[in-house]
Amino acid sequence: MVDEFDGFDASRSVSTGHLPDRPLIDSLLLDAWERYRGLDEGAVADYIPALAAADPSLFGLCVAEVDGTIHAAGDVDHEFSIQSISKAFVFALVCQERGYQEVLERVGVDNTGLPFNSVMAIELNDGHPMNPMVNAGALVTTSLVPGASAAAKWEYIQNGLSAFAGRRLALDVQVYESEAATNQRNQGITRLLQSYGRMEFDPLETTDVYTRQCSLLVSARDLAVMAATLADGGVNPITREQVVDPAVCIRVLAALASSGLYEHSGEWLYEIGMPGKSGVSGGIVTIAPGKGGLATFSPRLDVAGNSVRGKRATRYLSGVLGLNLFASAAAADDGPLQISREW
């Protein structure tokens, strides 16, 4: 059965282990930008005052290949705060430092099926956060960051996310101050987690460091490079720095596949077939292991806090670029399958 979506045949491109020829990537990226730039569904986030001023017409798409080749369309160099996309990369840094098995035990990797800032999910699980992509798990993850002080933890995070991006990332002071003035719910979450003995650092200081990490400025180009770093076993495609180990990347991508789009993660994986992460400033980052990273930016969000244009463009590009991890074509009939017994 052919899956028709927005006028293209989603069955015509399957995962091959490599990206298409570069001129075709450029053409398809531009086509996606043209298709969805006029889409005006959704609304800009307004629960953080500084985000409410975002220009809803902004729209950028970027693909970074694991060899460092960049493909771009639209507003790929416009900077915005990274927001919840930071969770994936801080999780990677903590897994690198503390070991992914310890982080699994402390944070978990199961989807809550509830909104990202749910308190109910904590109470239903005896105070244990369920995964690092929702706020409770992300706050515990930030408390596990190396450093004896909030300043040391913040420096570690800023340096680590900059290494993923391949350039020095700066703090958006206006967004940070706006979020810091309205982050009482996250403060309450850390206090609740502290009552269950889950926090390794002062809850209010942890909340402040977390607020800073969410306020780092990135562009769609940065996010594509960060995603390509996870796609290539932790090696930044621009600087060639080994940011985290390959084994860490495997665990991060698994966590993203199950929980990166919150309560819509199952739908995302069903439709798009790649691990991804969204942020309420309008960014979405998606990883094609071994191939590269895809990043989109557009501030109009759906009710779950995911970019409307970004989701549509990512679904389209997943199909036409052959990125869906679950897509395959029938193998040639070369006789009986030979199964190796060597492990």
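This is a predicted model: local features need pLDDT of at least 70, side-chain atom pairs count only at pLDDT 80 or more; totals for chains, interfaces and linings use all residues.

**Loops, burial and helix packing**

Student: In which loop is Q83 found?

Tutor: Helices (H or I, at least four residues) and strands (E, at least two) are DSSP runs, numbered from the N terminus. In those terms, Q83 is found in the loop between β5 (80–81) and α2.

Student: Is Q83 buried or exposed?

Tutor: The backbone at Q83 has a positive phi of about 55°, although the residue is not a glycine. For accessibility, buried means under 20% relative accessible area, exposed over 50% and partly exposed in between (1.4 Å probe, protein chains only). Because the relative accessibility of Q83 is 3%, this residue counts as buried.

Student: How does R240 count by accessibility?

Tutor: R240 lies in the loop between α10 (220–231) and α11 (246–259). Its phi is near 65°, a positive value in a residue other than glycine. With a relative accessible area of 47%, R240 is partly exposed.

Student: What is the relative accessibility of A254?

Tutor: A254 is found in helix α11. A254 counts as partly exposed because its relative accessibility is 46%.

Student: With which residues is G68 in contact, leaving aside its neighbours within four places in sequence?

Tutor: G68 has its place in the loop between β3 (60–65) and β4 (70–74), and its relative accessible area of 19% makes this glycine buried. In space, G68 and G292 are 8.8 Å apart, C-alpha to C-alpha, although 224 residues separate them in sequence. Contact means heavy atoms within 4.5 Å. Beyond its neighbours within four places in sequence, G68 is in contact with P237 and I238.

Student: Which residues are in contact with T206, leaving aside its neighbours within four places in sequence?

Tutor: T206 lies in helix α9 (residues 203–214) and, at 1% relative accessibility, counts as buried. T206 and N186 are 20 residues apart in sequence and 9.7 Å apart in space, C-alpha to C-alpha. With neighbours within four places in sequence left aside, the contacts of T206 are L139, T142, S143, M199 and F201.

Student: How are α2 and α5 oriented to each other?

Tutor: Axes are lines fitted to C-alpha atoms, for helices over the stretch in contact, and angles run from 0 to 180 degrees between N-to-C directions. The axes of α2 (residues 86–98) and α5 (residues 135–143) come within 10 Å and cross at roughly 40°. Angles under 35 degrees count as roughly parallel, over 145 as roughly antiparallel, 65 to 115 as roughly perpendicular and the rest as oblique. The relation of α2 to α5 is therefore oblique.

Student: At what angle do α1 and α13 pack?

Tutor: Two packed helices are described by the angle between their axes and the distance between the axes. The axes of α1 (residues 22–36) and α13 (residues 308–320) are 10 Å apart, and the packing angle is about 145°.

Student: How many disulfides does the structure hold?

Tutor: A disulfide is a pair of cysteine sulfur atoms within 2.5 Å. C62 is buried, with a relative accessible area of 0%, and C214 is buried at 3%. The number of disulfides held by the structure is zero.

Student: What percentage of the residues of the chain count as buried?

Tutor: The secondary structure of the chain comes to 13 helices and nine strands. Among the 343 residues of the chain, the buried share is 55%.

Key:
Residues are numbered from 1 along each chain as its sequence is written. Side-chain values use heavy atoms; hydrogens and water are left out.
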